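The sequence and the structure come first, and the description follows.

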Amino acid sequence: MSRLSRREFLASSMLTATALSSCQANRKVLSTKKVKEYAIKCGADIVGITSMDRFEGLPRQLDPRQIFPEAKSMIVLGFRLFRGNFRGIEEGTFFTAYNIMGHEGLRWVFQPVMLWNFTKLIEDEGYEAIPIPDNFPWSNIDKLNPDEIGTDFINVNPARIGKIDGNFSRTVSPEKPYPDIFIQLKVAAFCAGLGEIGYSGTFLTPEYGPRQMFAAVITDAVLEPDPLFTGKLCEKDKCKMACVKDCPSHAISENETVKIKVAGKELEWAKLDFNKCSVSFHGGDKEYNPFMVTTEDEKGFTAQPYTTSRKYKMAPLYWYGRAIEGMRGCQIACMIHLEQEKKLKNVFKNPFRRKAPWKMKGELISKAELDSKIKQQEEKEKQQEEKKTKKVKVDEQ
Ligand code: SF4
């Protein structure tokens with residue numbers, strides 16, 4: 001599908017007062033085909049649509065219908081994470097691409113810009129639309145890590161989610177849930193027929209496997225929902241639970257699972273130890289973090305709560321998250337397996353893994369030792385420089 005020219009893009013993005021009032025006065029039926037084509041033109045890689053009734057069964061604190069009771073459809077947009085973002089981590093030489101162009105750039109820059117333009121199309125047609133990038137704080141969810149509200153989204157367990165204790169917010173009336181409602185985008189992607197939730201808890205699509213992030217738009221436009229995904233991507237017997245084995249922090253449980261019921265289906269995935277995951281994610285594994293040099297670094301990278309370790313050393317360079325462990329289990333191991341099984345549409349000329357993956361010994365030195373080493377090296381360089389200068393002077397004489 002060809003991309004919009006700059007002119008077409010700007011023209012489609014400009015909403016004049018006249019156009020708005022004429023749209024409102026003259027409500028047209030918005031075509032599903034047009035919506036999907038426009039989503040791709042605006043920059044989404046994949047798009048699926050769900051009707052809102054498929055969210056029946058979710059705890060109300062997770063139910064998007066609580067945000068917009070008159071909504072008829074949710075458009076779920078998938079954005080690929082480039083395989084190339086993982087290359088530098090695979091080589092052990094360039095960690096910034098995955099963090100900045102993956103986690104940060106996608107969530108904080110590209111998704112909001114894409115959604116900004118895409119939402120205009122729907123509102124231009126006279127339908128209200130709520131753009132939801134994957135960077136909202138998802139407040140009122142997290143009970144495990146009270147230092148950072150809204151971070152336990154990975155492992156949604158309805159038994160716990162319902163237990164809002166009123167510490168963070170009050171309901172505006174007794175029949176309403178607490179603000180803010182949490183939209184779990186992987187559940188939305190399932191309802192929109194984009195793929196399935198893998199055993200690791202990561203969403204898998206036939207296009208990119210585990211390599212994407214999602215955003216959504218909720219609207220009162222009636223659109224044709226996509227059928228639920230009927231394929232089978234995650235076959236844990238075949239891959240021998242590669243995600244569980246390769247996760248450096250052993251955060252993905254081999255046998256404990258969480259279950260939710262949505263769209264008339266029961267979904268199940270591995271229980272995630274969020275605390276273990278967050279230590280690895282923020283650089284706490286000495287075998288996999290080349291920026292951990294000294295024993296003081298080890299303390300800094302593993303400091304708890306992890307909002308402290310997140311700020312250590314790499315901030316503000318790797319401000320959001322970090323993903324220094326490179327998502328070895330839930331993304332890389334899974335992607336390698338699905339590519340080997342030829343289950344993905346985004347195919348590459350060469351396999352991702354070409355040699356045994358690296359793992360450091362994890363030997364660290366103290367800060368005092370490091371400072372003394374650096375001082376010795378500087379002294380050596382100074383002496384060499386002085387020697388050179390002396391030699392030049394002698395040669396000139
Ligand atoms: S690595 Fe295997 S078990 Fe884990 S999510 Fe991927 S396909 Fe499923």
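## The nonpolar core

In this predicted model, the largest nonpolar core has 85 residues. Those with the most contacts inside this core are Ile 75, Val 76, Leu 77, Ala 188, Ala 216 and Cys 243. Helix H5, spanning residues 96–124, supplies the largest share of the core, with 7 residues. In soluble globular proteins, nonpolar side chains tend to be buried together.

Leaving aside residues up to four places away in sequence, Leu 77 touches Ala 39, Ala 44, Val 47, Phe 214, Ala 215 and Ala 216.

## The chain as a whole

The chain contains 14 helices and 8 strands. It has 397 residues, of which 40% count as buried. Among the contacts with a separation of 6 or more, 74% are between residues 24 or more positions apart.

## The four-stranded sheet

Four strands make up an open sheet in the order E1-E2-E6-E3, and their pairing is antiparallel. At the edges are strand E1 (46–51) and strand E3 (129–132), each of which pairs on one side only. On average, and with direction ignored, neighbouring strands of this sheet are turned by 20° against each other.

E1 and strand E2 (residues 73–80) are paired in the antiparallel sense over 6 bridges. Within this pair, Ile 46 stands opposite Gly 78 in E2. Strands of a sheet pair through backbone hydrogen bonds, either parallel or antiparallel.

## Helices on the sheet

Which strands does helix H3 touch as it packs on the sheet? Helix H3 (residues 32–42) touches E1 and E2. The direction of H3 makes about 145° with that of E1.

H5 also packs on the sheet, where it touches E2, E3 and strand E6 (212–219). The direction of H5 makes about 30° with that of E6.

Strand E7 (residues 252–262) and strand E8 (residues 265–272) run antiparallel and are joined by 7 bridges. One of the residue pairs links Lys 259 with its bridge partner Glu 268 in E8.

How many residues lie between E7 and E8 in their hairpin? There are 2 residues between them. Ala 263, in the turn, has a positive phi of about 50°.

Terms used. Residues are numbered from 1 along each chain as its sequence is written. This is a predicted model: local features need pLDDT of at least 70, side-chain atom pairs count only at pLDDT 80 or more; totals for chains, interfaces and linings use all residues. A residue is buried if 20 or more other C-beta atoms lie within 10 Å of its own, exposed if 12 or fewer, and partly exposed in between; C-beta atoms are placed from the backbone. Two residues are in contact if their C-beta atoms, placed from the backbone, lie within 7 Å. Two strands pair if DSSP finds at least two bridges between them. A nonpolar core is a set of buried Ala, Val, Leu, Ile, Met, Phe, Trp, Tyr and Cys residues joined through C-beta atoms within 7 Å. Axes are lines fitted to C-alpha atoms, for helices over the stretch in contact, and angles run from 0 to 180 degrees between N-to-C directions.
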